Each structure stands twice: as structure tokens, then as C-alpha cells.
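Here is a briefing on one protein chain. Keep the model open while reading the points below.

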Amino acid sequence: MIDAHVHLWRIGRNDCRWPGPDLAAIHRDFEVAELLEEMDAGGMAQALLVQSQESEADTRWLLDIVAGEPRIVGVVGWVDLAAGDAPARIDALRAAGPLVGLRPMVQDRAGDWYDDPALSPALAHMAARGLVLDALVRPRHLASLGRLAARMPALTILIDHGAKPEPGRFEAWAQAIGPLAAHRNIACKLSGLLTEQPAGEEDPAVVRGWMDLMMAHFGPDRLVWGSDWPVVTLKAPYRRWRDIAWNAVAAADRPAIFGGNAARLYRLARA
């Protein structure tokens, strides 16, 4: 059982600039001891740390945490992928600890962001090193992401939070994400879905519909569960989201979606 998407941060340290005071419920430090308590309550043996800041300092801090905690099996970090020395920066982070992927924060950027040729050297280097590209995107980015998948079939791409489907726009999201399943190097994370619903309208039936569509397109071998803790606590406790997802997945598919796929796609040596 692997939670493939958790965050830790210390407000004002390690280049931590988010979350701000406007998100009062999570505007505090979140440390590994508290994460382990939540994992125990949710029956999770291991977890992957995912960057929350556009900062290599944040990534190095996460890698330091992994060095001292065997239940944390890897880090999805951050590098400026458009930088001229991005490949060297990637290798330096890999030398510092179990870096298993990188996540540019694309959700608020232009819809054609992945078409930028300046990204190609870093993305090709990631593919050569076996690193996963976590795609923090919205539906408008999916066409560009599909073009990247076609250009670089050796690059494993994992779409975070199902590309953030928008309540009330199911068809538009479904039409955008469906074609990406044709690219065998793309998989999806079942994470962050509760937090995409309006406050006070956390409807498990809506989330189940999103999950069912992703299952229909990507199948149980290309879906990965993650809690998105502590962000998920803006809408529900860790265990509630885990139970919603667990009950929406067939028993035969749970070993893959709740652990096996993450170990395979991220090439987790410690899993």
C-alpha cells in the first residue's frame, strides 16, 4: 500500500511560499511524524513525497527527509526544466537522494506549455534517467501534453489529480482526457479529486463518476492512488478520501492502484 502523492512543508523555510494565510486550515508546518500517523490510520505502508514549491531547496529538503525515514520511498521534485543547465541540475538532485520524478507546476500556465522546445533537453534527460514527469495540469493543457507523449514515448507521464476535472463540465473534461489514453506512456493519479468540488458539495458520487471514466480509458494498470495530504484536509480527512477511493475500485484492482502501479511506474527501489 503506497500513497503516491503527499506533501510536507515548513512555512517560511526551504523556499516555502505556499500555502498562504488565506488557506488558514493548512497554513502551518506539516512534518513527517504527522504524515506517518495519517498513513497508519489509512493503512498505508509507504508514501511518495511530492514538491509543493517551485524550488530546488524544497526538493533537497524532501530528499533529506527520505534519507531518515524508510517508509518514504521517493521524491517527486522540481527543477526549472527550461534552464540551459537543467540536465546537470537533475543529475545533482538524483545524486542527493531517491529522486523518482519531477513536477513542473503547469496548472496556471499557458495551455500549450509543453510545446516549448526549450523544455526538450531536460525532458529527454528525464526519460533517459527513468524519471517520471508528474503533470500538474488542467484540462486545457491535455492536448499539449498528448503531443509531448507522442514526441517522447520513452518519457513516463503521470497526470496529477486527473487533470483537475471541473464540476459541471464533465463532458468537456472527458473529451479532453480520453484521447490521452492512446499514449501508453501516460497514466493518471486518482488524487486531489475531492478538493476540486465546491466547498460544501463534496459528493462521492461525482468523484466516483470521474474515477469510473478514468478507469474506462486507462484501465487498472495505469491508475495510481494518492491522498494529496494535507491539501485534501481542506475538504475531508485523509481516511475519508482513502475510503471513498477504496470503495470505488474493484477488489481485484486494489493491489495495483493502491501500490503496485506506483512501484512500477516510479521504479521504486525501496518499495
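Aspartate 203 caps the N-terminal end of α7, with a side-chain oxygen 2.9 Å from the backbone nitrogen of alanine 205. Such a polar contact is a pair of N or O atoms within 3.5 Å; within protein, one must be able to donate a hydrogen and the other to accept it, and residues adjacent in sequence count only if both atoms are side-chain atoms. This is a predicted model: local features need pLDDT of at least 70, side-chain atom pairs count only at pLDDT 80 or more, and totals for chains, interfaces and linings use all residues. Residues are numbered from 1 along each chain as its sequence is written, and side-chain values use heavy atoms, with hydrogens and water left out. Helices (H or I, at least four residues) and strands (E, at least two) are DSSP runs, numbered from the N terminus.

**Helix α7**

- Helix α7 covers residues 204-218, and its 15 residues should span 21 Å at 1.5 Å a residue. The expected span is 1.5 Å times one less than the number of residues. The end C-alpha atoms of α7 are 21 Å apart, which agrees.
- Val207, Trp210, Met211, Leu213, Met214 and Phe218 of α7 are buried. They cover an arc of only 155° around the axis, so they sit on the same side of α7. The arc is that of the directions from the helix axis to the C-beta atoms.
- Buried means under 20% relative accessible area, exposed over 50%, and partly exposed in between (1.4 Å probe, protein chains only).
- An α-helix has 3.6 residues a turn, so residues three or four places apart point the same way.
- Ala205 and Ala216 are exposed, on the face of α7 turned away from its buried side.
- What do the buried residues of α7 pack against? Their partners are α6 (170-177), β7 (186-190), β8 (223-225) and α8 (238-248). Contact means heavy atoms within 4.5 Å.
- Glycine 219 follows α7 and has a positive phi, near 75°.

**Strand β3 and its neighbours**

- Strand β3 runs over residues 72-77. Of its 6 residues, 6 are buried, so β3 is largely enclosed by the rest of the structure.
- β3 pairs with strand β2 (residues 46-50) in the parallel sense over 4 bridges. Two strands pair if DSSP finds at least two bridges between them. Leucine 48 stands opposite glycine 74 in β3.
- β3 also pairs with strand β4 (residues 99-102), in the parallel sense over 3 bridges. Here glycine 77 stands opposite leucine 102 in β4.
- β2, helix α2 (residues 56-67) and β3 form a right-handed β-α-β unit. Right-handed means that, with the strands pointing away from the viewer, the path from the first strand over the helix to the second runs clockwise.
- β3, helix α3 (residues 86-96) and β4 also make a right-handed β-α-β unit.

**Helix α2**

- Serine 55 caps the N-terminal end of α2. One of its side-chain oxygens lies 3.0 Å from the backbone nitrogen of alanine 57.
- The 12 residues of α2 should span 16 Å at 1.5 Å a residue; the end C-alpha atoms are 17 Å apart, which agrees.
- Buried residues of α2 are Glu56, Asp58, Thr59, Trp61, Leu62, Leu63, Ile65 and Val66. They pack against α1 (32-42), β2, β3, α3 and β4.

**Leucine 133**

- Is leucine 133 buried or exposed? Its relative accessible area is 0%, so leucine 133 is buried. This residue lies in strand β5 (residues 132-135).
- Leucine 133 touches, among others, Leu81, Leu102, Pro104, Tyr114 and Ile157, not counting residues up to four places away in sequence.
- Leucine 133 and arginine 242 are 109 residues apart in sequence and 24 Å apart in space, C-alpha to C-alpha.

- A cis peptide bond joins tryptophan 18 and proline 19, with omega about 5°. Proline 19 lies in the loop between β1 (2-6) and α1.
- Tryptophan 229 and proline 230 are joined by a cis peptide bond, with omega about 5°. Proline 230 lies in the loop between β8 and α8.
- Aspartate 228 lies in the loop between β8 and α8. Its phi is near 60°, a positive value in a residue other than glycine. With a relative accessible area of 4%, aspartate 228 is buried.
- Alanine 163, in the loop between β6 (157-159) and α6, has a positive phi near 65°. At 0% relative accessibility, alanine 163 counts as buried.
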